[in-house]
Amino acid sequence: MRRFVDNALAITKESVKTFTYESLNNIARLINGVSALLLAILVGKANSLDGAQGWELRPTFHGPRFPRWMENGVSSFNQFIHELSVDDNSSVDYSSAEDEPDDGIYPLSPSSHGSRACRTSTHINHDSHWTDWVAYIFSWILLPARFMLRIPSLLFLFLSKQESKASSDTGSPRLRTFHSFRKGHTLKDHVVQRTIDRRRGVIEDLHLAIEIFIEAIFDMFHKAAHCVFSPSATFRIFGKWFSSPTAGAKDIDDDALNASAPTSTLGANDPAPRERNLTLHHTLNTDARTCQDVITELGYPYEAIHVITNDGYVILLERIPRRDARKAVFLQHGIMDSSMGWVSNGVVGSPAFAAFDQGYDVFLGNFRGLVSREHVNKNISLRQYWRFSINEHGTEDVPAMIDKIHEIKTAELKLSQPDGEINEQPYKLCAISHSMGGAAMLMYVIIRRIEEKPHRLSRLVLLSPAGFHDKTSFFFTMGHYVCLLLAPILALFVPALYIPTRFFRMLFNKLVRDFHNYPAVGGLVQTILSYGFGGDSSNWVAVLGLPHYNMNDMPGLSFRVIHHLSQIKRTKKFRMYDFGSAAVNMEVYGSPEPIDLGEYYSLIDIPVDLVAGRKDQIISSSMVSKHYRLMKEAGVDVSYNEFEYGHLDFTFSHHEELLAFVMSRLQLVEPDLKRQKKALKLRKTRQGSPEVSSSD
């Protein structure tokens, strides 16, 4: 009878699991099919996918006909049980030809174009102990059932202890049990770690959570059935439990064997035991890599520099250091972006790595405006933190970072003399900027020239720079008008645009992963975004999947930045922020109207290279050419080039011709070798002996 009940429970459990799996899988297929139907209905709009680099709509992607946790129709739980019988020294490998993505079959996100080995090791580290958290959540859900089944569990524990005592001596069982537990636990961690070796979307997480829930429910019924069909053993355990005064203590000791103990590392400076710190983005199986992770995984050096602006904002200046280099490059991202954009294409296609390989000391700037709200005032309010426009990017953030670069380079090159005899800049600094970063760099150079301060730059390479927005899509045009009309109200209730909570940021991260797993859904989202942005051919879905949009942090968009862009569109001039009051403008600018930066292009005293995209509908090529015409009329040494790119292709896509062009522009600026040799000769002369000086 007991065997019959066990078989019935097993069959019922597998039936329920199969039914729920097939139901969820059919729902996912339905969503994917409806998305494909909508794509077919949107006549002409699906063509926007053709311009997205690396995007492939055809269903050649190894989509989740079976989810990643179900291999060949077998659930990961049954496979896990099977693998537990494998010897500990044998290698467990679940990888197959279908598991490994083929770059030529379906697109990888830009953050995946680096080393596959590095990516695999990263996911293994990030995904450890994911199932522990899921089990922990469901353990709280099943807390009443756990309480009711606690007594039968104790009875079986005591029974097993008595049987082990009868079959062996008193000293070995505990040790043998501990070793068998450690062996099984180690192998379990290895199997689970290999099973969750990649990021999952919402659908796959839902599959896994339901499977764990079903296992927990049927495990409860299985234990209850054993109690019913073994009454003698149950009463015997009850009797020993109440009669033995040390049973409770022994039970606690056995529970301690199954509990996770804090560990310490031998040879560490502080050998005190520490509990392992579990970060939530690891356990929830999301990609939360930082720019530092990408750089160091690919074998490049890294340095993080925290810069404090004059108004108290703490911004991160990242560096791929080449300390002895006399040529440096400063890369500044655009709106809703971070330094991740400059390294997201791996070693081959990223401007930051290309510049470093060419001998440059690479600095990666980050604007203020993260959800973490780094500021010297830890109690700064939400509304106070987000009160900044493009003005602060160009007059506070960029000057603080470039001044820090100057301080670091002069100190490292050891050419700045304390007596002040040598005042020349011992290095050449070029800047590469994208979108709003280009507008901020132009603002920085012009304001520095007005204030008669050195800007320390030798060349500007501006990729689709902001500044003029006369021609925008219908979506942006309506947004600008709404922003201008409702600015006083929106400023009070919407200080910035970002995903507010960790849960929703995690959900967003996983939904984007589903966009990649289900090609029709991803294609529909790509088409809708492209249509909303006027037909821009950028790979929007891949960009949304970048790890800087994660549950821990993400770049936000200040309402004042949006308002500033709306003012620029309305006036059709590249102006600084209008505070809406002549008195405030007079106090800030010295005039009732904001400074028109286009009228001061004649102050730009360095070469400028403007690059536009013919498929760019965010900042069209006609708007970039407007910069070019004004600079040409002002006598600036400026060049203009166009490529067949969308707005985000300048940073997030691998284009060899663009990378070659940018590197060729940088190589036009070389350190003055004669000045270097003269300074070196002067230093050797001062340090040399009198005999050598007289002989010269």
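In this predicted model, residue Q332 stands opposite G365 in strand β6. Strand β5, which covers residues 327-332, and strand β6, which covers residues 361-365, are paired in the parallel sense, and five bridges join them.

Eight strands make up an open sheet, and their order across it is β3-β4-β6-β5-β7-β8-β11-β12. The pairing within this sheet is mixed. At the edges stand β3 (303-308) and β12 (638-643); each has a single partner strand, so one side of each is left without a neighbour in the sheet. On average, neighbouring strands of the sheet are turned by 20° against each other, with direction ignored.

A helix accompanies this sheet. Helix α27, formed by residues 656-666, lies across β5, β7 (428-434), β8 (459-463), β11 (608-613) and β12. Relative to β8, helix α27 runs at about 160°.

Most residues other than glycine have a negative phi. R456, although not a glycine, has a positive phi of about 65°. This arginine is found in the loop that lies between α17 (436-450) and β8, and β8 is also one of the strands that helix α27 lies across. R456 counts as partly exposed because its relative accessibility is 23%, which falls between the limits of 20% for buried and 50% for exposed.

K572 is likewise a residue other than glycine with a positive phi, in this case near 55°. The loop between α23 (559-571) and α24 (582-589) holds K572. Its relative accessibility is 51%, and K572 therefore counts as exposed, since the limit for that class is over 50%.

The surface of the model also carries a nonpolar patch. V482, L485, L486, I489, L492 and F493 form this patch, and together they have about 650 Å² of accessible area. Two helices, α18 (474-485) and α19 (487-493), each supply at least two of the patch residues. The most is given by α19, with three residues. L486, by contrast, is found in the loop between α18 and α19. With a relative accessibility of 38%, L486 counts as partly exposed, because that value lies between the 20% and 50% limits.

Definitions and conventions: Residues numbered from 1 in each chain as written. Predicted model: local features only at pLDDT ≥ 70, side-chain atom pairs only at ≥ 80, totals over all residues. Heavy atoms only, no water. Patch = residues over 30% accessible without salt bridge, like charges linked within 9 Å, V, L, I, M, F, W, Y side chains within 5 Å. Areas by Shrake-Rupley, 256 points an atom, 1.4 Å probe, with all protein chains shown as cover. Salt bridge = Lys/Arg side-chain N within 4 Å of Asp/Glu carboxyl O. Helix = DSSP H or I, 4+ residues; strand = E, 2+ residues; numbered from the N terminus. Buried < 20%, exposed > 50% of the residue type's maximum accessible area, 1.4 Å probe, protein only. Pairing = 2+ DSSP bridges. Axes fitted to C-alpha atoms, helices over the stretch in contact; angles between N-to-C directions. Contact = heavy atoms within 4.5 Å.
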